[in-house]
Amino acid sequence: CPFDYVRVFDGPDNTSAVIGTYCGQQRNLVLYSSEHYLFIHFSTLQRTANTQNRGFKGIFEFSESFVKLDFIRENDGMHIRGSECDQKILSKKESTGFVYSPNYPFPYIPKVVCRYFVYGMQDAQNLERVKLEFSIFEIPKGEHKDKSESNCTDGYLKVYLKGQEVADAYDKFDHELCGGELPHAVISDGPRLVMVFSSGELQGRGFKAKYTFETEYKIPGTAAPDGTCSFTYRSTSRKKGEFNSPRYPSNYPSETNCSYVFLATPNEQVTIVFDHFKVKADGANTTGGAYGASVCFEDWLEMYVLYRDGTDRFLGRYCSLTAPGPVESPRGAVGIRVVLHTDLENVASGFKARYIFETAKSVFGDCGGNFSGEDSGIVTSPNFPANYDGPGKGLASRACNWYITARIGYKILLNFDFFAIEGEPASE
Ligand SMILES: [Ca+2]
């Protein structure tokens, strides 16, 4: 307000907290005091031009029937100053608490509308969603003029799973709740959940619900129930799919450890193929390829083979732009574990990868062979000297294993006199 304004204070004088400063045109401006004072200040400047502004007219009402604010518990919510009973709840990082209907634990009073703005964290390091679980719910339905039992004809609780900005329409709710049955838990689609409670004409016991701010990883797969970044992929539920670093294609957060466990059924193997890989490693020497624990000590990705007896075998550590090649779990293994570790600072877009469960190949893979006891031999890629071809249609990869065994006391010299296969160690 650069010129004239009305400023309303939530207390006895102009040292009290400000509800708002108003100028221009206002429609339906309704304000409530938090306690038994309100101070209104009107300020006007010397006119510089002829204007048609006519001032204002406000009607005040003293009442003790307005909603008492003690249903907004101090540890959970914050009353939005100037509103009758709206509250804002901001995450304190994975925090939880309760929301209540007005006048709880007593029945709510008629003709009251209260809003709840429940906001999770959203910044470079944190992204949250809101889970809401009801433990008490009773909002009586009104008389039904027709047989449509689904509509709430009197009081209701509307839930907006994508939040509700001021300009948005309040008629686009995701759930409209009423009646005496406990509603299912709801989870926000993004960091903001908004509720509007309208009491209607009838009284009811109201509701009590627990809210939980949960970290949103944006990773497909079966999440661990404890909310950590742990995801499981079982062949029995899906034969193939995708997985990624947290929030991909956005940067992953710092100080995060994620694990991805792929479990095949007996006689199956799992193949992991990376389609994008960018894991921050400023200290890594990328000219020779960035893998190994001595090179990747900032952010890194590790892979392990898992065996049925609970043991595992380390496959490698990768960082920078050096993606692991396609990895197949060997015969006898139960699956693969992928681990992502990020340190305190510096982030990147991370990775995006695919997993495929298939019937296990023979020990030789799709090709390959066994050599033992001979003085020398030749190993070539399929079709050599012509180009090798890719995996068959619908298959994740093509693999060849050669087992070379020398007589006891001998060693083996392997001399590649021609070598040209796709992929540079240090390129994307
Ligand atoms: Ca880092």
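**Strands, sheet and cores**

Strand E19 (residues 300-307) runs antiparallel to E20, and 6 bridges hold the pairing on record for these two. One of the contacts between residues here is a bridge that joins leucine 306 to aspartate 312 in E20. All of this comes from a predicted model.

As for the chain's overall make-up, it has 25 strands and 0 helices.

Now for the packing. The largest nonpolar core counts 34 residues, and those touching the most other members are Val270, Cys296, Leu301, Tyr318, Cys319 and Ile336. At least two residues of this core come from each of strand E17 (257-263), strand E18 (268-278), E19, strand E22 (333-341) and strand E23 (350-359). Setting aside neighbours within four places in sequence, isoleucine 336 is in contact with Phe262, Val270, Ile272, Met303, Tyr304, Val305, Leu306, Val327 and Ser329. Another core, of 28 residues, lies apart from this one and includes Tyr116, Phe197, Phe207 and Phe213.

What about the chain as a whole? Its radius of gyration is 32 Å, whereas a compact globule of 428 residues would come in near 22 Å. The C-alpha trace spans about 105 × 60 × 35 Å along its principal axes. Some 27% of the 428 residues count as buried. Among contacts with a separation of 6 or more, 72% are between residues 24 or more positions apart.

Note on methods: Residues numbered from 1 in each chain as written. Predicted model: local features only at pLDDT ≥ 70, side-chain atom pairs only at ≥ 80, totals over all residues. Pairing = 2+ DSSP bridges. Helix = DSSP H or I, 4+ residues; strand = E, 2+ residues; numbered from the N terminus. Rg over C-alpha atoms; globule rule 2.2 N^0.38 Å. Buried ≥ 20, exposed ≤ 12 C-beta atoms within 10 Å, placed from the backbone. Contact = placed C-beta atoms within 7 Å. Core = buried A, V, L, I, M, F, W, Y, C linked by C-beta atoms within 7 Å.
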